[in-house]
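Here is a short report on one protein chain. Keep the sequence and the 3D view open while reading.

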Amino acid sequence: MPDKNKAVFLDRDGVLNQEMGDYIRYMKDFHILDNFAALKTLQDKGYMLIIATNQGGLAKGWYTEEGLAEMHNELKKQYKAHGVEFTDVYYCPHHPDFTGPCDCRKPKPGLLLRGIAEYNIDPAQSYFIGDRERDVEAGTAAGVKGILIDSDQPISTILDLIA
Ligand SMILES: [Zn+2]
C-alpha cells in the first residue's frame with residue numbers, strides 16, 4: 001500500500017489575500033497577505049498546499065478566467081519567492097443563479113474531492129483553513145478537518161492546530 005500524501009487546503013479570500021467583502025474583480029484589489037513563513041512551516045512538515053476557492057464572479061461575468069489566472073500567478077510568484085509552492089489552485093467558476101447547481105461550490109466538497117483524488121491525498125491527515133462556515137462544511141463533507149479563522153487572521157496563529 002503506497003503512502004498517501006497529506007495536504008492543507010486553503011480558502012483564498014480572507015486567508016491568502018485580504019477579504020474585500022465581495023468577489024475580487026481587479027488586480028488592484030488583490031492584496032496578498034503575509035502568510036509566507038506559516039505556509040513554509042506547513043510545507044516543511046510535508047503538507048501539500050492546495051487552494052480551493054469559490055469564484056462565482058466568473059459566472060456573473062465580473063471578471064475572466066484570464067484575470068483570475070493573473071491573480072493566481074502573482075500569488076504563486078510571491079509565495080515562490082519565499083520558498084513556498086502551491087500544488088494546485090482549484091476554483092468553482094459557477095454560481096447557482098447564473099449557471100445552476102454544481103458539485104464544487106463550497107459548502108459542496110467537490111474542489112477538495114478533486115484534489116484528494118488527483119494527488120492521492122489521505123483526507124484523515126489533511127486540513128482545510130477557511131474564514132467561512134461553508135469552508136468547514138466542505139472540509140467535513142470531504143473528510144478533512146476544517147479550521148475556521150477570522151478573515152485576514154494570520155495563519156501563524158492556528159499552526160498549533162495542525163499536527
Ligand atoms: Zn462549481
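## Overall fold

The protein chain has 5 helices and 5 strands. From the N terminus on, these elements follow the order β-α-β-α-β-α-α-β-α-β. The model is a predicted one.

The C-alpha trace spans about 45 × 35 × 25 Å along its principal axes. A compact globule of 163 residues would have a radius of gyration near 15 Å, and the protein chain agrees, because its own value is 15 Å. Of the 163 residues, 37% count as buried.

## The nonpolar cores

In soluble globular proteins, nonpolar side chains tend to be buried together. Here, the largest nonpolar core holds 31 residues. Those touching the most other members are V8, F9, L10, L49 and L112. Two or more residues each come from β1, α1 (36-44), β2, β3, α4, β4 and α5. The largest share is that of β2, with 6 residues.

There is also a second, separate core of 5 residues. Among its members are I24, F30, L68 and M71.

## Helix α4 and what covers it

Helix α4 runs over residues 110-118. Its buried residues are L111, L112, L113, G115 and I116. What covers them includes the strands β1 (6-10), β2 (47-54), β3 (88-92) and β4 (127-130). Helix α5 (133-142) is also part of this cover.

Which residues does L112 contact, leaving aside its neighbours within four places in sequence? The list is F9, A52, F128, A138, G139, A142 and V144. Of these contacts, F9 belongs with L112 among the residues that touch the most other members of the largest core.

## How α4 meets α5

Two packed helices are described by the angle between their axes and the distance between the axes. For α4 and α5, the axes come within 8 Å. They cross at roughly 45 degrees. The two helices are therefore oblique to each other. Their crossing is right-handed.

On the α4 side, the contact is made by L112, L113 and I116. On the α5 side, A138, G139 and A142 make it. L113 and I116 are both buried residues of α4. An α-helix has 3.6 residues a turn, so residues three or four places apart point the same way.

Two prolines deserve a look in the loop between α3 and α4. P107 sits in this loop. A cis peptide bond joins K106 to P107, with omega about 20 degrees.

P109 lies in the loop between α3 (96-99) and α4 as well. Is P109 buried or exposed? P109 is buried, because 22 other C-beta atoms lie within 10 Å and the cut-off is 20 or more. Not counting residues up to four places away in sequence, P109 touches A138, A141 and A142. P109 and R134 are 25 residues apart in sequence, and their C-alpha atoms are 9.7 Å apart in space.

N120 follows α4 and is placed in the loop between α4 and β4. N120 is not a glycine, yet its phi is positive, at about 50 degrees. N120 counts as exposed because it has 11 C-beta neighbours inside 10 Å, and 12 or fewer is the limit for that class.

D152 is another residue other than glycine with a positive phi, near 70 degrees. D152 is found in the segment after β5 (145-148). With 14 C-beta neighbours inside 10 Å, D152 counts as partly exposed.

G143 lies in the loop between α5 and β5. G143 is partly exposed, with 15 other C-beta atoms within 10 Å. Leaving aside neighbours within four places in sequence, G143 is in contact with P123 and A124. G143 and Y119 are 24 residues apart in sequence and 15 Å apart in space, C-alpha to C-alpha.

Terms used:
Residues numbered from 1 in each chain as written. Predicted model: local features only at pLDDT ≥ 70, side-chain atom pairs only at ≥ 80, totals over all residues. Helix = DSSP H or I, 4+ residues; strand = E, 2+ residues; numbered from the N terminus. Contact = placed C-beta atoms within 7 Å. Core = buried A, V, L, I, M, F, W, Y, C linked by C-beta atoms within 7 Å. Rg over C-alpha atoms; globule rule 2.2 N^0.38 Å. Axes fitted to C-alpha atoms, helices over the stretch in contact; angles between N-to-C directions. Parallel < 35°, antiparallel > 145°, perpendicular 65-115°, else oblique. Left-handed = near helix turned anticlockwise from the far one by under 90°.
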